[in-house]
Amino acid sequence: MLRKAQIGDVKEIQKLLTTYASKGDMLSRSLSELYEALRDFYVEVAEDGRILGAAALHIVWEDLAEVRSVAVVEDSGRKGVGRALVTACINEARELGLKRIFCLTYKPEFFGKLGFVLVDKATLPHKVWGDCIKCPKFPDCDENAMILDL
């Protein structure tokens with residue numbers, strides 16, 4: 001079941017994100033950050049109540065949002081969970097009247113199947129780099145920047 005995240009989901013979302021952050025695949029998020037951004041998140045929940053995946057739509061500016069913190073538990077990979085989460089973010093962006101969504105990713109093939117295209121990171125507004133200072137790879141970012149025009 002896909003739904004907006006709830007307060008009780010935050011610790012499980014953090015645990016999921018930390019799994020990928022510890023491998024260098026994404027930024028870690030503190031509990032404080034997750035509580036503040038809770039309204040950004042969607043979760044996919046199994047019948048037993050376990051969170052199978054999470055993704056967030058973070059509004060950056062009047063015409064731009066970021067799909068971030070896309071994570072799926074390893075035993076649920078390749079089952080459409082990530083696709084459903086990102087599609088929910090895309091649909092919400094359209095409903096809000098946004099014109100573009102971007103992502104920074106190590107999985108360009110996945111996002112490409114959803115219509116995102118590779119772009120030069122330098123074409124993104126400076127405002128999007130606020131979280132990069134927290135990254136252990138800063139300033140040598142090796143993620144792919146991708147954009148979806150809505």
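Figure 1. Among contacts between residues at least 6 apart in sequence, 68% join residues at least 24 apart. The model is predicted. The chain has four helices and seven strands. Read from the N terminus, the order of elements is β-α-α-β-β-β-α-β-α-β-β. Of the 150 residues, 45% count as buried. The accessible surface comes to about 8500 Å². Carbon and sulfur atoms account for 53% of that surface.

**Figure 2. Strand S5 pairs with S4 and with S7.** S5 spans residues 100–105, and S4 spans residues 64–72. S4 and S5 run parallel, joined by three bridges. Here Ala65 stands opposite Ile101 in S5. S5 and S7 pair in the antiparallel sense, over six bridges. S7 covers residues 144–149. Two positions illustrate this pairing: Phe102 stands opposite Ile147 in S7, and Thr105 stands opposite Asn144 in S7. Five of the six residues of S5 are buried, so the strand is largely enclosed by the rest of the structure.

**Figure 3. Strand S7 also pairs with strand S6.** S6 consists of residues 117–119. S6 and S7 pair in the antiparallel sense, over three bridges. Val117 has Ile147 of S7 as its bridge partner. Ile147 also stands opposite Phe102.

**Figure 4. Ser69 has a positive phi within a strand.** Ser69 lies in strand S4. Phi of Ser69 is near 55 degrees, a positive value in a residue other than glycine. Ser69 is buried, with a relative accessible area of 10%. That value falls under the 20% cut-off for burial. Leu17 is among the residues in contact with Ser69.

Figure 5. Helix H1 runs over residues 10–21 and holds Leu17. The relative accessible area of Leu17 is 1%, so the residue counts as buried. Which residues does Leu17 contact, leaving aside its neighbours within four places in sequence? They are Met26, Arg29, Leu34, Phe41, Ser69 and Ala71. Ser69 belongs to strand S4. Leu17 and Ala54 are 37 residues apart in sequence. In space, their C-alpha atoms are 8.4 Å apart.

**Figure 6. The side chain of Asp9 meets the backbone of Gln6.** Asp9 sits in the loop between strand S1 (2–4) and helix H1. A polar atom of the Asp9 side chain lies 2.7 Å from the backbone nitrogen of Gln6. Is Asp9 buried or exposed? Asp9 counts as buried, because its relative accessibility is 8% and the cut-off for burial is under 20%. Not counting residues up to four places away in sequence, Asp9 touches Arg3, Lys4, Val43 and Ile51.

Figure 7. The structure holds two aromatic pairs. Phe110 and Phe111 form one that is edge-to-face. Their ring centres are 5.0 Å apart, with 85 degrees between the planes. Phe110 is partly exposed, with a relative accessible area of 28%. Phe111 is buried, at 5%. Phe111 and Phe116 form an aromatic pair that is likewise edge-to-face. Here the values are 5.3 Å centre to centre and 80 degrees between the planes. Phe116 is buried, as is Phe111. These ring pairs link Phe110, Phe111 and Phe116 into a cluster.

**Figure 8. Lysine side chains sit over tyrosine rings.** The charged end of Lys4 sits over the ring of Tyr42. The distance from the ring centre is 4.3 Å. Lys4 is also one of the residues that Asp9 touches. What lies over the face of Tyr20? Lys23 does, at 5.3 Å from the ring centre.

Methods
Residues are numbered from 1 along each chain as its sequence is written. This is a predicted model: local features need pLDDT of at least 70, side-chain atom pairs count only at pLDDT 80 or more; totals for chains, interfaces and linings use all residues. Side-chain values use heavy atoms; hydrogens and water are left out. Buried means under 20% relative accessible area, exposed over 50%, partly exposed in between (1.4 Å probe, protein chains only). Contact means heavy atoms within 4.5 Å. Accessible areas come from the Shrake-Rupley method with a 1.4 Å probe; for residues, only the protein chains shown count as cover. Two strands pair if DSSP finds at least two bridges between them. A polar contact is a pair of N or O atoms within 3.5 Å; within protein, one must be able to donate a hydrogen and the other to accept it, and residues adjacent in sequence count only if both atoms are side-chain atoms. Rings of Phe, Tyr and Trp (its six-membered ring) pair if their centres lie within 6.5 Å; planes under 30 degrees apart count as stacked, over 60 as edge-to-face and the rest as tilted. A charge sits over a ring if NZ of Lys or CZ of Arg is within 6 Å of the ring centre and within 35 degrees of the ring normal.
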